[in-house]
Amino acid sequence: MSTRRMTVGQALIEFLAHQWTVDEVPVPGADDGSTVTVRERTVPATFGIFGHGNVAGVGQALLQCAATDPGLMPYHQARNEQAMVHQAVGFARMHRRRATYACTASVGPGAANMLTGAALATANRLPALLLVSDTFATRVADPVLQQLEHPHDIGIQVSDAFRPLSRFFDRVQRPEQLFSIALAAMRVLTDPAETGAVTIALPEDVQAEALDVPEEFLADRQWHVRRPLPERGPLARAVEAIRGAERPFIVAGGGVIYSGAEEELRRFAEATGIPVGTTQAGGGALLWDHPLNLGGVGATGTAAANAIAAQADVIIGIGTRYSDFTTASRTAFQDAGVRFVNLNVASFDAYKHGSQSPLIADAREGIAALRAGLDGFHVPDGFAARARSVKAEWDAVVDAALAPTGADLPGQPEVIGAVHAAMDPADVIVQAAGSLPGDLQKLWRVRDPLGYHVEYAFSCMGYEIAGGLGAKRGLLAAGDDRDVVVMVGDGSYLMLNSELVTAVAEGIKLIVVIVENQGYASIGHLSETVGSQRFGTRYRTADETGGVPAPDLERGEFLPVDLAANARSYGAAVVDIAPGPDSLGQLTDALRAAKKANGPTVIQIHNDPFVYAPEGGGWWDVPVAEVSTLDSTGTARAEYLDQQKAQRPLLG
């Protein structure tokens, strides 16, 4: 067998450069379900921040690639390790999980900074490959800089913290282990049921050690995406359950998007008349103006979707993991005998809520099989009319919420309306945390299957700019020039804005809208509902006039923080919109100008945090203190207990 003498770092990088994902995807515009084969690089590039641990291993390997074969494994610089992973996740979402980036970090704090990104990738079931540096395997220099020391277990290091956050974890303690570990990692990275953060821990000495690498290990290798068909027995039981329903309702999750099943979902809904509600990850599974799309369902869902969900006797969950927001903390589905037909590629999700009709299959294949099995079935006319009625009512509510009022400080719904008006139908909106995800799920009118990118499995403050940059990279890699618009609150912006520098450095056009409201608006509102009166959620200077030992951050002046100046200091083009009756018009104009620009643009607009989106009838279980000396908490506790009465076990 022919071999080459290489370091572990060199062998791993060259191996990754030759991995390919192969998938059968629907032919655009075809109504017959025909597909075409797509083949793309599984790991087309690597992010890296170098330090001791990876600079002489993976870092040297990337340099060698750049010098000898620049297209083999391109390197991209990042400014924050957590943000590297967010970029990889944003990229993967745009590629429907067929491709992602590798991310390399140094020992100790560099690796630890990636932990949040790992948790986010796994929670969202999106692939990210993490090449985490580790301390010496030989322990020849022990302890090294940034090494942890636990007397009860000397072997525990920062890298071990990735174990519960990853879908795959292994450590290359000897060079010969690389072959089996790399192949096992790729299997999980490309498996639709198991994917998430895939972590390979690389001791700093082992990265630089040499071994004889078989040419076969370095050759092109294809990973075919599994699209399992439903088994006949479970399919028959699922069809029987739906045929027996009078008020069925579809909950479409991210699995619809990742499977490319949007057209199959549309055909299924139209053939049966079953109305559809979407999760945050499922936004775009059915376009907003389709007569059967009732919008988001659950805690932050629409009044239309929640009204039908409450009446439904059979819930058809497609590609959803049923988070507490989707089920409104198990209050959304109120029919006494509600049953669940769960179509999911992962059995873990298919069996949720005690489903007796789990259908373990690819979303696209499973929907097609259900449609064939339900030939001739249609929901009763009365139920169909009810669904049309609530949709029309909600559409009118949204029209009013998005309309500008002319206030000096517009409400967030009006800001959303102005952003939406300036964007093209195929453009992508990116968000993750705060009050914006809830408002967007209610109000954003999705006009393209990939146009709604709200990270809400982990709802990570700081994801927005990095994730948006990753999404834009993903589009550019596919030859798609649509724009990506990031909406971010001031709280999330302050958490992680450094990748604006990366966008400037690479000349990547990213449009960022900062919604400035002087604090944590979402938690402030939530705080009020649990009787805590927005405590600790405002951005104010410390007022020590009261003579108390601790600074009072509730009554001081608002902070003079200038986020627009911060963004300008990074080199981005900046538009800072002052409060006033024409601020929304300025926002729309600024967005349209940004769409014509070549590099990143940051637009700041001030808004009124006390103007909320219309109520959708959902609830979220946030426990309130059982006893308190505060009247506000006592009142909130009574309201909580009353709302909790609607909570029920879902055992369908």
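Which helices each supply at least two residues of the lining of the largest pocket? They are helix H17 (436–443), helix H19 (490–495), helix H21 (521–529) and helix H24 (631–644), where helices (H or I, at least four residues) and strands (E, at least two) are DSSP runs numbered from the N terminus. The structure is a predicted model, in which local features need pLDDT of at least 70 and side-chain atom pairs count only at pLDDT 80 or more, while totals for chains, interfaces and linings use all residues. Residues are numbered from 1 along each chain as its sequence is written, and side-chain values use heavy atoms, with hydrogens and water left out.

The largest pocket has a volume of about 1200 Å³. A pocket is an open set of points on a 1 Å grid over the protein atoms alone, with protein on both sides within 12 Å along at least five of seven lines; a cavity is a set where a 1.4 Å probe fits but cannot get out, and lining residues have an atom within 4 Å of a point. A volume is the space filled by probe spheres set on the points, which are joined across faces, edges and corners. The lining of the largest pocket comprises 49 residues, with Thr-300, Ser-522, His-525, Leu-526 and Trp-620 nearest its centre. H21 contributes the largest share, 6 residues. By class, this lining holds 23 nonpolar, 20 polar and 6 charged residues; Ala, Val, Leu, Ile, Met, Phe, Trp, Tyr, Cys and Pro count as nonpolar, Asp, Glu, Lys and Arg as charged, and the others, Gly among them, as polar.

Across the whole structure, 6 cavities of 30 Å³ or more are found. The largest cavity holds about 590 Å³ of space. Around it stand 42 lining residues, of which Gly-254, Gly-255, Ala-281, Gly-319 and Arg-321 lie nearest the centre. Two or more lining residues come from each of helix H3 (81–94), helix H10 (254–259), strand E16 (339–344) and strand E19 (452–454). H10 gives the most, with 4 residues. The lining of the largest cavity divides into 19 nonpolar, 15 polar and 8 charged residues.

The second largest cavity has a volume of about 250 Å³. Its lining consists of 23 residues, and those nearest the centre are Trp-288, Gly-295, Gly-296, Gln-441 and Trp-444. Strand E14 (293–296), helix H15 (381–402) and H17 each give two or more residues to this lining. H17 also supplies at least two residues of the lining of the largest pocket.
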